Amino acid sequence: MGLTIAQKIIKAHLISGEMTVGSEVALRIDQTLTQDATGTMAYLEFEAMGIDRVRTERSVAYIDHNTLQSGFENADDHRFIQSIAKKHGIYFSRPGNGICHQVHLERFGIPGKTLIGSDSHTPTGGGIGMLAFGAGGLDVAVAMGGGAYYITMPKMIKVNLTGKLRPFVTAKDVSLEILRILSVKGGVGSIIEWGGEGIQTLSVPERATITNMGTELGATTSIFPSDEITREFLRAEGREADFVALASDPDAVYDRVIDIDLSELKPLIACPHSPDNVVTVESLKGTKVDQVCIGSCTNSSLLDMLKVAALLKGRTIKPDVSLSISPGSKQVLSMLADCGALSDILASGARVLECACGPCIGMGFSPNSAGVSLRTFNRNFEGRSGTADAKVYLVSPETAVAAALTGEITDPILLGEMPEIQMPEAFKIDDSAVIAPASVEEAKSLEILRGPNIKKFPDCHPQADSIRAELVLKVGDNITTDHIMPAGAKILPYRSNIPFLSQYCFGVCDKTFPERAKAAGQSIVVGGSNYGQGSSREHAALVPLYLGVRVVISKSFARIHVANLINAGIMPLTFANPDDYDKVSQGDTLSIAGIWAGMDSGSMTLVNETNGERINLVCNFTDRQKAILKAGSLLDYTREQI
């Protein structure tokens, strides 16, 4: 039996475990990336391990999230990350150099290599045939130290593409179509491989848009073959030597096969407040639009920006629409300037923002009250934009331009003929904003620069054999990490200060949670299905840890978040019968006895002391995860192993 692309890469990087679906495998990691919203904590964790030098082939620290410096906090974090990168062998991408996923694709990604990043959209690297995973900062820190990265061996889903996209139908529409088919839970436990004759019509930036959005499916990762189109992209980046051809075997076996005819797709749009709430653009025609944002790691490539510039050329946006453009990297921005496309964008009335994540994470450019905002981003969770009552829709750059020009949701096909875009044979190479680390000898004398906002890793607690605690919060389905630990311009600067962050924990759901959790001392949280979807931010585990949460029980968990909970020493459990979710209420006193034996057997009994109900719970921890929980955290476990 042949192997899929992902199985081939896993096999080549397998340290331990069997490649059977559902079993735990340990992988050797070639590359890591961090961004500044998660990076400070990841590097504090790396320091705590006592390892002098990273042991990966390439580790890169990007500054792309917290680039608004309205106080000292972000600047201090950037200085800390730059100093620790120089000392410990990490490349440092300066503020303004671009979004981590876009720059990594351009300058560092290599087909067939493994990559983990402390950002959930790291699977963007699958666009050039990398096996790239989003992960928590602790997992990235361990990988930087030479440790393995553990995943549950996924199922394999194949998406066969046929035909060719029509004008004004884009890779973003392909992403929205697969979300319509599978939902935000449909990719859980699976790697999605894209193939079929239709992929030959998609450039690397278009493929990267699709693998980027695969994160919203809950997928472990997504991947394309590495072929002549990949070679052409790497050649244009001056990196043809990095090319490796990768394809699945003809007799590879998939757990599910989905067929999509590109020629039949229409422009699509994801409605508030979920990426899988997908309808056709034409079905919403005439809906008034207040704001349009083009950019993010999903749609900020040179190809996307050249299309936007061509459609805006000679036109002016509606007076009552605000339009922002965020190029994905310095390379993209400088090439737009050199060819004159930037002037066309500016002449339209658009505002050009920094090469950074910006509005995607609520870092500026928030909509007006109850405003309708069309964004080329990957997430439209409630409140994520920075405006609590905003209605955020996800669209392609072409659909975004149509809305900016007309002032309402408009099928971009109505704009007329799509201008022909000529991509350059070679990209502008300027790596001056990527600072190389110091030599081993020079690093010995370097000082790590810390600011007063950088606080220590929260105290962890070894899992006891029993727990009796209040159910301090009960929430519903599809709770995201934005619900648990919000982002935004007011909060993000404190990602290295867990005590300060704690006052905002679960603020979207219940503003009284932090105070009640502190008063309880130790507590339990209950959630519905797909608990913890969205961003990989480990703060959604570390802040509840700081507030005393010891157990989270849900109908089901998102992959990265359940790993982050275990890494923080919080025990994730699921209801054996999802209907038992209704047998507990916020404020109930809950208890679990015989936890260690339950870890081994795979089941525990939850006693609701308030109403007398006895509820069966399920856990499926590996021996390593049991050891992490008993040690108190992945950090403590790793120290023991070292």
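Helix H18, which spans residues 559–567, has Ile-560, His-561, Asn-564, Leu-565, Ile-566 and Asn-567 buried, where buried means under 20% relative accessible area with a 1.4 Å probe and protein chains only. Helices here are DSSP runs of H or I with at least four residues, strands are runs of E with at least two, and both are numbered from the N terminus. Just after H18, Gly-569 adopts a positive phi of about 85 degrees. The model is a predicted one, in which local features need pLDDT of at least 70 and side-chain atom pairs count only at pLDDT 80 or more, while totals for chains, interfaces and linings use all residues. Residues are numbered from 1 along each chain as its sequence is written, and side-chain values use heavy atoms, with hydrogens and water left out.

Arg-624, Ala-627, Ile-628 and Ala-631 of H20 make the contact with Leu-634, Asp-636, Tyr-637 and Glu-640 of H21, contact meaning heavy atoms within 4.5 Å.

Turning to the sheets, 3 strands form an open sheet in the order S1-S2-S8, with antiparallel pairing; two strands pair if DSSP finds at least two bridges between them. Strand S1 (14–16) and strand S8 (149–152) stand at the edges with a single partner strand each, so one side of each is left without a neighbour in the sheet. The twist averages 45 degrees from one strand to the next. S1 is joined to strand S2 (residues 24–27) by 2 bridges, and Ser-16 stands opposite Ala-26 in S2.

Another open sheet, of 4 strands, has the order S11-S10-S9-S12 and parallel pairing. Its edges are strand S11 (221–223) and strand S12 (256–261), each with a single partner strand, so one side of each lacks a neighbour in the sheet. From one strand to the next, the twist averages 20 degrees. Strand S9 (residues 155–162) pairs with strand S10 (residues 190–195) in the parallel sense over 6 bridges, and Lys-155 stands opposite Ser-190 in S10. Helix H6 (residues 171–182) packs on this sheet, touching S9, S10 and S12, and the direction of H6 makes about 135 degrees with that of S12.

Notes: Buried means under 20% relative accessible area, exposed over 50%, partly exposed in between (1.4 Å probe, protein chains only). Axes are lines fitted to C-alpha atoms, for helices over the stretch in contact, and angles run from 0 to 180 degrees between N-to-C directions.
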